[in-house]
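Here are some notes for a colleague who is opening this structure for the first time. Please read them with the sequence and the model side by side.

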Amino acid sequence: SHKEDKAWILKELLESKSIKVYLEELENVYSDDNTKNYYIKVESKNINKALSLIEEINPFNYGNQNIHKAEDNLKRILVAVDFSDYSKKACQVAFNIASEIHAKVKILHVYQNIYFPSHIPFADSLKETPNEGLLDKTRKKMLNLCVEIDEYISNGDWPSINYSYSLREGQVDEEVENFVLEYKPSLLVLGTKGLDNTPSILGNVTADIIEIINVPVLAIPVDSPINSIADIKHVVFLSTLQNKEMPSFNRLLDVFKPYPNIRITLLHINQINRKGDKWTNEELAKISQSFEMLHPQLNINYKLIDSPDIALALSDFIIQENVSIISLNTRRRNLFSRIFFPSKSRKLLLFSDKALLIFRG
């Protein structure tokens, strides 16, 4: 369903392509601004054509001023899925957060239509059948996911929120980046396999996305106990104490401002065998106290650890202090850096089964 303004935008688009559209008003269903909501209906023979046009033209691009005018001023959360169990977990978390902060959710799937030349062995078995192309298969998977989500909502397991989906073709990280630029979400939610000794394609894709996306990213492992904000008890911000990281720490505090019961720790690990100046407790205390003055209602702490092994020290701290989420600042990285110099966030995805909240500095 869509608000009246957006319903008419969609109706005009489809009818300009000779697809007859019927608008059905939803009785007693109104948006926050008391405008009516409508179902968009087309004849069954035109469904695939209509869906393909919408996906190709993307009439609800948020760069379009008419869409901004038709908007309901809700915050937007984007969740990227691959139809795995861990991406369903990401949807669950995204829906619960959206319910808490009064946001809408867009579910995005990016598929890759790979061409196999005929001279490659077994190429015929890899090609899509004439009767059902890759787009149709992908759309069926997305619709099945939506049916599953609607069942969760009907059973009261998930909150009822405004959500929709989009399909894109191309490289996953590139298309997610393009969609973020169009949709302008305040948060991107991704699912991960969590702590695992086997290689994870999704884990690598998640790391690639984190390193190029300019909005906060929440990466949720499939076995994370976090399903909603209420499950978050302790957030640790892993910092090198550089000035450029402090705006991200302040953004973290702004995010959790409505939740004073959540413990937030500014953590720095001095690597003992590394040359150069080391931070002292007094210096870290001054930084922490300055943020406490800005956010007196929050439970802000600081911790300095001296250790020869940063990863081991962080792992021990996470276990001992019952950390729910690891947060950190990361910079945008080019392809060379991503291949030869793994980032902190990529390393954390590999060794930690905790949720990650990544800010771009």
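Which residues have the most contacts inside the largest nonpolar core?

1. In this predicted model, the largest nonpolar core has 54 residues, and Val105 and Ile107 are those with the most contacts inside it. Helix H4 (residues 85–101) supplies the largest share of this core, namely 7 residues. Leaving aside residues up to four places away in sequence, Val105 touches a set of residues that includes Ile77, Val79, Ala94, Phe95, Ile161 and Tyr183. A second, separate core has 31 residues, among them Val176, Ile210, Ile305 and Ile318.

2. As for the overall build, the protein has 13 helices and 13 strands, and 47% of its 361 residues count as buried. Among contacts with a separation of 6 or more, 76% are between residues 24 or more positions apart.

3. The structure holds 6 aromatic pairs. The pair of Phe179 and Tyr183 counts as tilted because the ring centres are 5.7 Å apart and the planes stand at 35°. Both residues are buried, and they are separated by about one helical turn, being 4 residues apart in helix H7 (residues 172–183). Arg76 lies over the face of Tyr183, at 5.7 Å from the ring centre.

4. Phe237 and Phe249 also form a tilted pair, with 5.2 Å from centre to centre and 50° between the planes, and both are buried. Phe237 lies in strand E9 (residues 234–238) and Phe249 in helix H9 (residues 246–255), so this pair ties together parts that are 12 residues apart in sequence.

5. Ring pairs also link Phe95, Tyr152, Trp158 and Tyr163 into a cluster.

Definitions and conventions: Residues numbered from 1 in each chain as written. Predicted model: local features only at pLDDT ≥ 70, side-chain atom pairs only at ≥ 80, totals over all residues. Heavy atoms only, no water. Helix = DSSP H or I, 4+ residues; strand = E, 2+ residues; numbered from the N terminus. Buried < 20%, exposed > 50% of the residue type's maximum accessible area, 1.4 Å probe, protein only. Contact = heavy atoms within 4.5 Å. Core = buried A, V, L, I, M, F, W, Y, C linked by side-chain atoms within 4.5 Å. Phe/Tyr/Trp six-rings, centres within 6.5 Å; stacked < 30°, edge-to-face > 60°. Lys NZ or Arg CZ within 6 Å of the ring centre and 35° of its normal.
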